[in-house]
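Me: I am new to this structure. Please show it to me, and then let me ask a few things about it.

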Amino acid sequence: MRIRSVLSTLVAGAFLVAVPATAQADDYYWLKDRAGDAPATSDITRFKVTKTDDMLVTKVSFRKVVKPGGERSNPVELYIDTKGNGRPDHRVMIQDVDQSFSKTRSWNGSENDRRWGSCLDDLGERRAVTYQTRAKTVTVRTPLSCLGDPSKVRVAASSWYGSDRHVKQDWAHTKHRYTRWLR
Ligand SMILES: [Ca+2]
């Protein structure tokens, strides 16, 4: 009995050691934002980012979420830093059915920035920066390959309302605030 028990322990131990070598756990981080500081469909209440093996998954929660195609949308702007110099390197913008992915060097997300470049597939089609609305959350999925397969990544999120998106914004927590580094 005792030998059998020891053998079982050894086998179980070997198995446990083997698992982390083949599968890297997802890394995630989330933060809250104050509710009531913007109109409901632009009012971020929670922001969660998960880095998987091949995907950056961002979930932005609002006081109210509407389906795409309606009169009012839940605009989302993501700024992604992969280099650590403080400035964002990529920008994802979702406004209803309008989406863009671009490289950027600033928080202004210049419209002249190169669009979609690293996020096109072999046929030159836009690759999946996809998003969906569910309950009170807008989920945006960005392939890490679009970002150059970085070893670390951090993200800042904002929404806006009114005609000028740089004037009336609701940032996740505070302006230009990144999550911690996800690896
Ligand atoms: Ca808010």
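Me: Which element of the protein chain has the lowest mean pLDDT, and which the highest?
Reply: This is a predicted model, where local features need pLDDT of at least 70, side-chain atom pairs count only at pLDDT 80 or more, and totals for chains, interfaces and linings use all residues. Residues are numbered from 1 along each chain as its sequence is written. pLDDT is the predictor's confidence in each residue, from 0 to 100. The lowest mean, 53, belongs to helix α1 (residues 2-22), and the highest, 97, to strand β2 (residues 44-51).

Me: Is A35 buried, partly exposed or exposed?
Reply: A35 sits in the loop between β1 (27-32) and β2. A residue is buried with 20 or more other C-beta atoms (placed from the backbone) within 10 Å of its own, exposed with 12 or fewer, and partly exposed in between. A35 has 15 such neighbours, so it counts as partly exposed.

Me: How far apart in space are A35 and F62?
Reply: In sequence, 27 residues separate A35 and F62. From C-alpha to C-alpha, the distance is 8.4 Å.

Me: Which residue of β5 is the bridge partner of V76?
Reply: V76 points one way from β4, along with L78 and I80. Strands are DSSP runs of E, at least two residues, numbered from the N terminus. Strands pair if DSSP finds at least two bridges between them; β4 (residues 76-81) and β5 (residues 90-95) do so in the antiparallel sense over five bridges. The partner of V76 is I94.

Notes:
Helices (H or I, at least four residues) and strands (E, at least two) are DSSP runs, numbered from the N terminus.
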